[in-house]
Amino acid sequence: MIDKSIFNTDVQFNGNIINIKQEVSPNNQQQTSEAFSEKWTQYETSNEKNKVYDMQKQWYLKLYGFKSEDCLANFLKTKKYILDAGCGLGYKAKWFADLSPNSIVIAMDISDACEIAAKNYKDTKNLFFIRGDIANTPFIDNSIDYVSCDQVIMHTQVPENTFKELVRVMKQDGEFSCYVYVKKALPRELLDEHFRSYCKTLTNDELWDMSNKLAQLGKTLQDLEIKINVPDIPQMDIKGGEYDLQRFIYWNFIKCFWNDDLGLDASIMTNFDWYSPSNAKRYSEVEYKKMINDNSLAIKHFHKEEACYSGRFHK
């Protein structure tokens, strides 16, 4: 099904797994790989994961400018090769493959999750998995019709280089969807930056314990149902207005995620996801649009909210 000419290196097929030779050398990238291996391995056993998957699919449509799942399906059906760059447990890659059964979906991830996904979705004939670093893909130039890098690129060693790499493999008439974290208020940024180093000194058990307690803190603050009015404090990048107390603390001081609909496991996992990896770069809108412009891309859709910037781009 896959034309080997799209690869720039020797590859070996083992069922739905495409084996490549690749080394991960930078210390931070290795630590980040291990953090996400821990996260996804633990989350695979959660009873709440399907709720998160459903929420993430609906959010994906919003992030990248698809009015409905049917619109996404119609878009994907025009693409021969689709790359899910940083696939995690592979549920979005599986979604793409089901929506467009005549396309070939290749999912790539640096963590153990890639092997779990390959096992879970071994019966999906148009879906293949590569374990490796998306900053160094095994594809030739202009070989992929649609590249999706959703909520991942910030966790690579140099996101700007990874962005350039994913643009390289995108066909001349292809499209590229990508999401980055937004820079928060100064107090939150200082704490977040501290954890990029401090997380390396904590064991996984300590990180899970902290993530659990932060979820409990988030729930406690939310249950207070207190609204506050806050003045603009531009020296700290704190935006004025009316806030729920939990959201004010969350956006400006400390990530303490809690969501009633998603439940405890998902809330803990979201906190772990934030604090555990040493690579987690954040961007201003100007910085992100500069990266898009530096790669000679045109914006087809651009989305922004408190947590992120995302968009769909073409050459």
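## S103 and its loop

S103 sits in the loop between α4 (91–99) and β4 (104–109). Helices (H or I, at least four residues) and strands (E, at least two) are DSSP runs, numbered from the N terminus. This is a predicted model: local features need pLDDT of at least 70, side-chain atom pairs count only at pLDDT 80 or more, and totals for chains, interfaces and linings use all residues. Residues are numbered from 1 along each chain as its sequence is written, and side-chain values use heavy atoms, with hydrogens and water left out.

S103 has a relative accessible area of 1%, so it is buried. Buried means under 20% relative accessible area, exposed over 50%, partly exposed in between (1.4 Å probe, protein chains only). The S103 side chain reaches the backbone oxygen of K79 at 2.5 Å. Neighbours within four places in sequence aside, S103 is in contact (heavy atoms within 4.5 Å) with L76, K77, K79, K80, I82 and N126.

## Helix α9 and F248

Helix α9 is mostly covered, with 6 of its 8 residues buried. They are L245, Q246, F248, Y250, W251 and N252. These buried residues pack against α7 (186–198), α8, β8 (227–230) and β9 (241–244). At the start of α9, a side-chain oxygen of D244 comes to within 2.9 Å of the backbone nitrogen of Q246.

F248 belongs to this helix, which spans residues 245–252. Its relative accessibility is 12%, so F248 counts as buried. Leaving aside neighbours within four places in sequence, F248 touches I228, V230, I238, Y243 and F253. F248 and I228 are 20 residues apart in sequence, and their C-alpha atoms are 8.4 Å apart in space.

## Where α8 meets α10

Two packed helices are described by the angle between their axes and the distance between the axes. The axes of α8 (residues 204–224) and α10 (residues 264–275) come within 8 Å and cross at roughly 120°. That makes α8 oblique to α10. Angles under 35 degrees count as roughly parallel, over 145 as roughly antiparallel, 65 to 115 as roughly perpendicular and the rest as oblique. Axes are lines fitted to C-alpha atoms, for helices over the stretch in contact, and angles run from 0 to 180 degrees between N-to-C directions.

From α8, the residues in contact are N204, L207, W208, M210, S211, N212, L214 and A215; from α10, they are L264, S267, I268, M269, N271, F272 and Y275. The residues of this α8–α10 contact divide into 10 nonpolar, 5 polar and no charged. Ala, Val, Leu, Ile, Met, Phe, Trp, Tyr, Cys and Pro count as nonpolar, Asp, Glu, Lys and Arg as charged, and the others, Gly among them, as polar.

Key: Polar contact = N/O pair within 3.5 Å; in protein donor to acceptor, adjacent residues only side chain to side chain.
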